[in-house]
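Dear colleague,

Please find below the structure that I am handing over to you, together with its sequence. My notes on what was found in it follow directly after.

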Amino acid sequence: MAETIPPGRPGNLTAEQEQKLKELWKITFKLFGVQKPHGQDEAQLDGATNGESESTSTAPSDTASAEPPATPDKRKKSRLSFLRRGNKESESPAAPTSPSGLESIAESLDGANEKYGQTKQFRETIASQSPEALRATFWSMTKHDHPDGILLRYLRARKWDVNAALVMLVSAMHWRDQEIHVDDDIMYRGEEGCLLDSQGKAEGATNSSKERDGKDFLAQYRMGKSFLHGLDKEGRPMCVVRVRIHHGGDQTVSSLERYTVHTIETARLLLRGNVDTATIIFDMTDFSLANMDYTPVKFMIKCFEANYPESLGAVLVHKSPWIFQGIWKIIRGWLDPVVAAKVHFTGNLTELTEFIDKSKAMKELGGDEDWEYHYIEPREGENDQMKDTTKKAELLKVREELVKNYENSTLAWIDGAKDEFEKRNDVAGQLAENYWQLDPYIRARTLYDRMGLIGPQGKLDFYPSKDTATGEEPKDSGVD
């Protein structure tokens, strides 16, 4: 298990890195319309970065405040739309606005974000989304993570260029909220939602494509195309992908993308403490050209490079045949060099055990662990807590106050109040605890909840008992 805090993470920052984090929080708060509490000196915040190191990524000097919105935004309400920092009497989100100084950020970049059109997306997003909507999206994606950890992922991915990190963050937020609908659809409806779709029972279901998508999504879970299980030597959660099971055209592209994002988001819930990356094992046993499909490969690359940066610890390509050599040359050309450097080829068990203990490697991979994948179907009533809107509202109200406390403490920390740093960490811990209390009300249960990998309050068991993992009722131990 990883025991030390890796560089560039909360609790292990150089003075320069901490300053970059302050700059990014400062400009992010401007984007979200977050201002200092009434009575505090606004000029102090604008002066907080005086004397900072010269850099093309330095935030504009007026990033502490945002221009007031003009007209209501008719955008669909977020499930966390309570997260507003404006007039409490206002019932409508603020209008889309482009806060002073933010327009020039995209122009300062040198093309680092152009691989996936992120600079263009940034411009369109800040022009069309209200500050309140962007803020709600950010805190929705934070879940149980330390908020600093979220921003630091983007800073590391963009080599500590603050402007480039902001552009990447906003683009990823747009993708989550407006394109793929991670939190209000994929994770909110989950496997049970797809089961209802496949049966034509979903509310408002009228088209056959939705039914096909639901069937295809579940088919991939049922066959075990990929699954989360165990830890590598660094304590990182592992995802095994059985490449031989995939055949292009057997499922719709939309169901494959949904399945991929659902797996990645579930894996995110397994990251704790100093372990903030995961390992993917592509099991190439019995691979043939019939299994090769470039479309999902490109989608996965975009996910990890653009929308889940700094989430990969290692990629193990296990037992790849010689015919994969030419394919790898093509794929490597699509990869960012940093991501490509994390790819390792393991041809046998000896090479695999450089990354995974033999006792923790499944027999399927040649190891000693007696574990097999079994899909457990959604159980009736497993998502009933999501119907309890009263309890959900209570927990959201608590989260609202915690978010405000974190924002206010961060503003004071940017201002130079050193005693606020520890307070921010305490509030971050409270936010994580609150998320796990809220989790049953906003996230449909998954296979990994049913098998016992993810337990109540987010407790993890990476090696659940065989009875639990197969969905069988545990044998009576004779203990009441």
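Which residues in H5 and H7 meet each other? From H5 they are Leu134, Thr137, Phe138 and Met141, and their counterparts in H7 are Leu169, Met173, Arg176 and Asp177. Helix H5 covers residues 131-142 and helix H7 covers residues 162-180; their axes come within 10 Å and cross at roughly 80°. The two helices are therefore roughly perpendicular to each other.

Please keep in mind that this is a predicted model.

Overall composition

The protein chain contains 18 helices and five strands. It has 480 residues, of which 55% count as buried. Among the contacts in the chain with a separation of 6 or more, 78% are between residues 24 or more positions apart.

The sheet

The five strands of an open sheet follow the order E1-E2-E3-E4-E5, and their pairing is mixed. Strand E1 (226-231) and strand E5 (343-346) stand at the edges with a single partner strand each, so one side of each has no neighbour in the sheet. On average, neighbouring strands of this sheet are turned by 25° against each other, direction ignored.

E1 and E2 run antiparallel and are joined by four bridges. Leu231 has Pro237 in E2 as its bridge partner. The hairpin formed by E1 and E2 has five residues between the strands, and in this hairpin Gly235 takes a positive phi near 80°. E1 is mostly covered, with six of its six residues buried.

The next pairing is that of strand E2 (residues 237-242) with E3, which is parallel and extends over five bridges. Here Cys239 has Ile280 in E3 as its bridge partner. E3 also pairs with strand E4 (residues 312-318), again in the parallel sense, over six bridges. In that pairing, Ala278 stands opposite Leu312 in E4. Helix H10 (residues 253-268) packs on the sheet, where it touches E1 and E2, and the direction of H10 makes about 15° with that of E1.

Strand E3 (residues 278-283) is itself mostly covered, as six of its six residues are buried.

Helix H4

In helix H4 (residues 118-128), the buried residues are Gln118, Thr119, Gln121, Phe122, Thr125 and Ile126. Viewed down the axis of H4, these buried residues fall within an arc of 155°, so they line one face of the helix. Lys120 and Ala127 are exposed, and they are carried by the face of H4 turned away from its buried side.

Individual residues

Three further positions may be of interest when you inspect the model.

Ala412 belongs to helix H15 (residues 389-414). Is Ala412 buried or exposed? Its relative accessible area is 18%, and Ala412 is accordingly buried; the cut-off for this class is under 20%. Once its neighbours within four places in sequence are left aside, Ala412 is in contact with Ala417 and Glu420. Ala412 and Lys36 are 376 residues apart in sequence, yet their C-alpha atoms are 8.5 Å apart in space.

Glu310 is found in the loop between helix H11 (294-307) and E4. The phi of Glu310 is near 60°, which is a positive value in a residue other than glycine. With a relative accessibility of 19%, Glu310 counts as buried.

Gln457 likewise has a phi near 60°, a positive value in a residue other than glycine. Gln457 is located in the loop between helix H17 (447-450) and helix H18 (466-469).

With kind regards

Note on methods:
Residues numbered from 1 in each chain as written. Predicted model: local features only at pLDDT ≥ 70, side-chain atom pairs only at ≥ 80, totals over all residues. Heavy atoms only, no water. Axes fitted to C-alpha atoms, helices over the stretch in contact; angles between N-to-C directions. Parallel < 35°, antiparallel > 145°, perpendicular 65-115°, else oblique. Contact = heavy atoms within 4.5 Å. Buried < 20%, exposed > 50% of the residue type's maximum accessible area, 1.4 Å probe, protein only. Arc of directions from axis to C-beta. Pairing = 2+ DSSP bridges.
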